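Here is a short walk through one protein model, written to be read with the structure open beside you.

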Amino acid sequence: MKVAIIQHEIRENNIEWNFQQLSSLIDKQPGADLYVLAETFATGFLAEGSTQNAAVEGRQIFDWMQQQTSRINAAIAGSVATVDAEGKLRNRLYFVRPDGTFDYYDKRHLFSYAGENKDYVAGDRRVVVEWCGVRFMLQVCYDLRFPVFVRNHKDYDAIIYVANWPKKRRDVWQTLLKARAIENQCFVVGVNIVGSDKNCDYVGDSVIIDAYGNAIAACTPGVVETAAAELDMEALKRFRKKFPVLDDADF
């Protein structure tokens, strides 16, 4: 299957501009089965979240995702600051299919350094979704630093990490994405933003990595653009059979 990564800029408090930019970028990379957007792709990272705003905006953003998947006949993944049925604020990674069905993962590891844990509620579910014959583990930004939660129990083939990861820690982003691919013998899809906000600069470094740790698609650092790669499941199965790392893992 073909996965497209969308490395984009986010304008805070300008959801419609963000929608237009993303629609245009998606159209520049036609034919993918899955398009992956960044963390809180329509609003920017809101560590001090507003439940009232998130309730309205979260619904608006999710509706846009469903409209886009229907328009392009492909799935879209990206995270949204939203409110759950109990009125709790979540950083929720949606995986939306073109028929309107969806799954979601609530960010498990909240970024306490920026105060995300003060307003948001952490998820507790490990979520794997299947699409076009590939099983995807869903993860959000800070989750990348916690390998135990994402340990491959032979239940997935790829990990999706969506992020607002700052430029000053780009070496960590690059290193850990590669490590997660190698240690879990899987593909890793990492999507980050470019540009600046009041707190940080962002350079992107969005990438798709294979189970050997090799980048098979990458966006130019600092540039708004897309990239795509085919996830070769037959090659992954052969590698896992030939070099059975997961059989020898500590569970």
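The count of salt bridges comes to 17. Please keep in mind that this is a predicted model, so every distance below was computed from its coordinates.

**Charged pairs**

| Pair | N to O distance | Where the partners sit |
|---|---|---|
| Asp27 and Arg71 | 3.0 Å | helix H1 and helix H2 |
| Arg135 and Asp157 | 2.9 Å | strand S7 and the loop between S7 and strand S8 |
| Lys154 and Asp247 | 2.3 Å | the loop between S7 and S8, and the segment after helix H5 |

Let's start with Asp27, which forms a salt bridge with Arg71. Because Asp27 belongs to helix H1 (residues 15-27) and Arg71 to helix H2 (residues 51-72), this pair ties together parts that are 44 residues apart in sequence.

Next comes the salt bridge between the side chains of Arg135 and Asp157. Arg135 is in strand S7 (residues 134-140), while Asp157 is in the loop between S7 and strand S8 (158-162); the two are 22 residues apart, and the pair links distant parts of the chain. Arg135 is partly exposed at 25% relative accessibility. Asp157, with a relative accessible area of 3%, is buried, because the cut-off for buried is under 20%.

The loop between S7 and S8 also holds Lys154, whose partner Asp247 lies in the segment after helix H5 (233-242). Lys154 has a relative accessibility of 43%, so it counts as partly exposed.

Salt bridges can also join up. Which residues are linked in a network? They are Asp84, Arg90, Arg92 and Asp106.

**A six-stranded sheet**

Now turn to the strands. Six of them form an open sheet with mixed pairing, in the order S5-S4-S3-S2-S1-S14. Its edges are strand S5 (102-106) and strand S14 (225-230), each of which pairs on one side only. On average, neighbouring strands are turned by 25° against each other, direction ignored.

How is S14 joined to strand S1? Strand S1 (residues 2-7) runs antiparallel to S14, and six bridges join the two. Within this pairing, Lys2 has Glu230 in S14 as its bridge partner.

Helix H1 packs on the sheet, where it touches S1, strand S2 (34-36), strand S3 (75-83) and S14. The direction of H1 makes about 140° with that of S1. Helix H1 is also where Asp27 is found, the residue that pairs with Arg71.

**The cysteines**

A disulfide is a covalent bond between the sulfur atoms of two cysteines.

For Cys186, the nearest cysteine sulfur is that of Cys141, 18 Å away. A disulfide needs the sulfur atoms within 2.5 Å, so Cys186 is in none. Cys186 is buried, with a relative accessible area of 0%.

Cys200 is in no disulfide either. Its nearest cysteine sulfur is again that of Cys141, at 10.0 Å. Cys200 is buried too, with a relative accessible area of 17%.

Definitions and conventions:
Residues numbered from 1 in each chain as written. Predicted model: local features only at pLDDT ≥ 70, side-chain atom pairs only at ≥ 80, totals over all residues. Heavy atoms only, no water. Salt bridge = Lys/Arg side-chain N within 4 Å of Asp/Glu carboxyl O. Helix = DSSP H or I, 4+ residues; strand = E, 2+ residues; numbered from the N terminus. Buried < 20%, exposed > 50% of the residue type's maximum accessible area, 1.4 Å probe, protein only. Pairing = 2+ DSSP bridges. Axes fitted to C-alpha atoms, helices over the stretch in contact; angles between N-to-C directions. Contact = heavy atoms within 4.5 Å.
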